[in-house]
Amino acid sequence: MVWFILRRAGSAVIVLFLASILIFLGIRALPGDPAVVMAGEEASPAVVEAIRHEFGLDKPLPAQYVDYVGQTLSGNLGRSTQDQLPVAGILAERLPVTLELSALALLVAIVVGVGAGIVAAVRRGRLPDYVATGFGLAGLSVPHFWLGLLGILLFAVTLRWLPASGYVPFTQDPGQNLQRMILPALVLGTGFAAILMRQTRSAMLGALSADYVRTARSKGLSEAKVVGAHALRNSLTTVVTVLGLQLGALISGAVVTEQIFVIPGFGKLTVDAVLTRNYPVIQAVVLITVIGYVLVNLLVDIAYAFLNPRIRLSGGRHD
């Protein structure tokens, strides 16, 4: 088991190293000179050159990459070109907002998607199956921005149950925070729930027709125990796989959702940074996103080892 985790961790480090190179080169391949952006179009060549020297942009690319890696490892992500604030401080302020939104959306997706998938599989060919399948089709078809606008129109404008937009920190007012985050979480989690529902239903149908399930039923076990302890447990690897692979979709959905509901999170920061060509922020945002994606997939691999011992044994023959 230890060897399995070490191998996966080593692979994650290699991926992060390659990703850092791509991020470094990709940012520098963008059109425009960052020094000119920071100095302004009317700045003199001497000022532009001074800024280029201050930020190490006059060095060769290999030397710039070494500086970039060293500063990143020390926690120095540079300064924003818009307000000269430390990028690390900006991320520390915005990232928890998106993590809260993503966690709530993930909770909605797991409860609704996995629950609907189990019901659809157990009640295959009946009304609950048709309802869950219709929900899955609608969730995959409806874009986030339209669903968000429809939610604002219904719950905020017409019924006036929830605020239309804005954000209140949880530490400041927990009640207001949850009121303002419920609707965005439902919007963001609906599409994710639809994907989970379809994959859970498919995995459960395969498990319910397996020999070990028929054996469990022949022993006189209750249907709840057969579904929960046998079929669902062996279907969890599929659910965990979908959770890991859909992280990117969750982040991209958060960008749209935060723009619609005016939530000052990671997604809105990304859009604003791209529109203003704030290169240090863009670079840091992409790096943090890649790190999060790699860590989640590492956790998924480790979860596989606990859910399916055969994966652990095949990946750790030296234990």
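Reader: In which helix does I288 lie?

Author: Helices (H or I, at least four residues) and strands (E, at least two) are DSSP runs, numbered from the N terminus. I288 lies in helix α13, which covers residues 279-307. Please note that this is a predicted model, in which local features need pLDDT of at least 70 and side-chain atom pairs count only at pLDDT 80 or more, while totals for chains, interfaces and linings use all residues. Residues are numbered from 1 along each chain as its sequence is written, and side-chain values use heavy atoms, with hydrogens and water left out.

Reader: Is I288 buried, partly exposed or exposed?

Author: Buried means under 20% relative accessible area, exposed means over 50%, and partly exposed lies in between (1.4 Å probe, protein chains only). I288 has a relative accessible area of 27%, so I288 is partly exposed.

Reader: Which residues does I288 touch, not counting residues up to four places away in sequence?

Author: A contact means heavy atoms within 4.5 Å. With residues up to four places away in sequence not counted, I288 touches L91, L95 and F266. The C-alpha atoms of I288 and R201 are separated by 33 Å, and these two residues are 87 residues apart along the chain.

Reader: How many helices and how many strands does the chain have?

Author: The chain has 14 helices and zero strands. Its C-alpha atoms fill a box of roughly 85 × 65 × 35 Å, taken along the principal axes. Of the 319 residues, 35% count as buried. Among contacts in the chain with a separation of 6 or more, 72% are between residues 24 or more positions apart.

Reader: How many salt bridges does the structure hold?

Author: A salt bridge is a side-chain nitrogen of Lys or Arg within 4 Å of a carboxyl oxygen of Asp or Glu. The structure holds two salt bridges. One of them joins the side chains of D67 and K59, at 2.9 Å from N to O. D67 has a relative accessible area of 29% and is therefore partly exposed; K59, at 40%, is partly exposed as well.

Reader: What is the distance between the closest N and O atoms of D129 and R201?

Author: D129 forms a salt bridge with R201, and the closest N and O atoms are 2.8 Å apart. This pair links distant parts of the chain, for D129 is in helix α6 (residues 127-141) and R201 is in helix α8, 72 residues apart. D129 has a relative accessible area of 3%, so D129 is buried. R201, at 22% relative accessibility, counts as partly exposed.

Reader: Where is T200 found, and what does T200 touch?

Author: T200 is found in helix α8, which spans residues 174-208. T200 is buried because its relative accessible area is 1%. Leaving out residues up to four places away in sequence, T200 touches V114, G117, I118 and V239.

Reader: Where is the kink in α10 centred?

Author: The bend at a residue is the angle between axes fitted to the seven residues ending there and the seven starting there. In α10 there is a kink of about 45 degrees, centred on L232. Buried residues of α10 include L232, S235 and V239.

Reader: How many aromatic pairs are there?

Author: Rings of Phe, Tyr and Trp (its six-membered ring) pair if their centres lie within 6.5 Å; planes under 30 degrees apart count as stacked, over 60 as edge-to-face and the rest as tilted. By this rule there are four aromatic pairs. One of them, F24 and Y65, is edge-to-face, with 5.5 Å centre to centre and 75 degrees between the planes. This pair links distant parts of the chain: F24 is in helix α1 (residues 2-28) and Y65 is in helix α4 (residues 61-73), 41 residues apart. Both F24 and Y65 are buried. Another pair, F155 and W161, is tilted, with 6.1 Å centre to centre and 40 degrees between the planes. F155 counts as partly exposed because its relative accessibility is 25%, whereas W161, with a relative accessible area of 59%, is exposed.

Reader: Which residues do ring pairs link into a cluster?

Author: Ring pairs link F24, Y65 and Y68 into a cluster.
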